[in-house]
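Hi,

Here is the structure I said I'd pass on.

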Amino acid sequence: MATPLAFTGHSTHPMAAVRAAFANEQYWKDRIEAVGGPNARIESLAINGDQVRVDMVQTIPAAELPAQITAIKPDGLTIPRTEIWHGNGGTVEAHVDGAPATITGSLTVTEDGAGSTFVVDATIDVKIPLFGKKIEAAIQQHLTELLEREAEFTDNWLSSH
């Protein structure tokens, strides 16, 4: 059974400003550099009006992982991730290279007073007997922290651009 990943972040900036950032190539370059982890990179970025697709690779170093995971993946985790945005919603898909672990879900940005709210509603599924749930929990914790850093980055980036 998969583990849910539910994240809600708030921005002081309106939804239109957040979506405009998502349609800005420099925003993605700055974000991956600031919060993507060691060796993080953008693999491809396609922006066509309000349609945005970004393929990125992020990593979780072994030093940040519990022993149950480093026993299986001693070099840490490499996580290719795709976000596809259209209008105020989208999808996210990710997997862990070399492991039967996937993340899938939806993304939304909505107005919230003078600001906006960003929501990720996803599931983490690790198909490893006995250890799957522990690995899912570790991935959930790390991704929640990453999403918090990305939301904070976005708000700060918008304040300075």
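Predicted model: local features only at pLDDT ≥ 70, side-chain atom pairs only at ≥ 80, totals over all residues.

Let's start with the open space. The largest pocket comes out at about 240 Å³. It has 24 lining residues, and Gln58, Arg81, His142, Leu143 and Leu146 are the closest to its centre. Helix H4 (132–160) and strands E3 (51–60), E4 (77–86), E5 (89–95), E6 (101–112) and E7 (115–126) each put at least two residues into that lining. H4 gives the most, with five. By class, the pocket lining has 15 nonpolar, five polar and four charged residues.

The largest cavity has a volume of about 130 Å³. Of the 15 residues lining it, Val18, Phe22, Phe118, Ala151 and Thr154 sit nearest the centre. Strand E1 (3–11), helix H1 (15–22), helix H2 (25–35), E7 and H4 each contribute two or more residues there. H4 again gives the most, this time four residues. The lining of this cavity splits into seven nonpolar, six polar and two charged residues.

The second largest cavity holds about 70 Å³. Among the residues around it are Ile69, Ile72, Lys73, Leu77, Val96, Ile135 and Ile139. What classes make up that lining? Ten of the residues are nonpolar, none is polar and one is charged.

Cheers

Terms used:
Residues numbered from 1 in each chain as written. Heavy atoms only, no water. 1 Å grid on protein atoms, 1.4 Å probe; cavity = no way out; pocket = protein on both sides within 12 Å on 5 of 7 lines; lining within 4 Å. Points joined across faces, edges and corners; volume = space filled by probe spheres on them. Nonpolar A, V, L, I, M, F, W, Y, C, P; charged D, E, K, R; others polar.
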